[in-house]
Amino acid sequence: MHCARIRTALSARLDGEQLPPGVTERRLDAHLSGCAGCRQWQARARELAADLSRAAVAAEGDTASAEALLDRLRSRSASG
């Protein structure tokens with residue numbers, strides 16, 4: 001299975017959505033066990049989701065905090 005399809009499925013799983021057609025939890029986990037790139041992608045996606053969740057709670061109505069978060073995300077994207 002192609003990594004792009006796996007990463008779409010990982011995103012769905014992270015968001016609590018249904019997996020794409022043809023992708024099962026078992027196939028997803030089997031791919032992850034053999035693909036370091038997808039494991040790294042999953043770890044970064046989880047990290048990003050946690051950062052966004054924390055920022056949403058901390059920055060409610062605080063535009064400076066929201067801008068600081070966006071700056072951090074931009075710098076991560078540029079370096080990664």
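Good morning. Leaving aside neighbours within four places in sequence, Arg39 is in contact with Leu32, Ser33 and Gly34, where contact means heavy atoms within 4.5 Å. This is a predicted model, in which local features need pLDDT of at least 70 and side-chain atom pairs count only at pLDDT 80 or more, while totals for chains, interfaces and linings use all residues. Residues are numbered from 1 along each chain as its sequence is written, and side-chain values use heavy atoms, with hydrogens and water left out.

To continue with Arg39, this residue is placed in helix H3, residues 36-58; helices here are DSSP runs of H or I with at least four residues, numbered from the N terminus. A polar atom of the Arg39 side chain lies 2.6 Å from the backbone oxygen of Leu32. Arg39 is partly exposed, at a relative accessible area of 37%; buried means under 20%, exposed over 50%, and partly exposed in between, with a 1.4 Å probe and protein chains only. Between the C-alpha atoms of Arg39 and Arg7, which are 32 residues apart along the chain, the separation is 9.5 Å.

I turn now to the core. Which residues form the largest nonpolar core? There are nine: Ile6, Ala9, Leu10, Leu19, Val23, Leu28, Leu32, Cys35 and Cys38. Such a core is a set of buried Ala, Val, Leu, Ile, Met, Phe, Trp, Tyr and Cys residues joined through side-chain atoms within 4.5 Å. Two or more of its residues come from each of helix H1 (3-14) and helix H2 (25-34), and H1 gives the largest share, three residues.

The buried residues of H1 are Ile6, Ala9, Leu10 and Ala12. They lie on the same side of H1, because they cover an arc of only 160 degrees around the axis, the arc being that of the directions from the helix axis to the C-beta atoms. Just after H1, Gly16 takes a positive phi of about 75 degrees.

Finally, the cysteines. How many disulfides does a search of the whole structure find? The search finds zero, a disulfide being a pair of cysteine sulfur atoms within 2.5 Å. For Cys3, the nearest cysteine sulfur is that of Cys38, 3.6 Å away. Cys3 counts as partly exposed, at 29% relative accessibility. For Cys35, the nearest cysteine sulfur is also that of Cys38, at 3.7 Å, and Cys35 is buried, with a relative accessible area of 15%. Not counting residues up to four places away in sequence, Cys38 touches Cys3, Ile6, Arg7, Leu10, His31 and Leu32.

Notes: A polar contact is a pair of N or O atoms within 3.5 Å; within protein, one must be able to donate a hydrogen and the other to accept it, and residues adjacent in sequence count only if both atoms are side-chain atoms.
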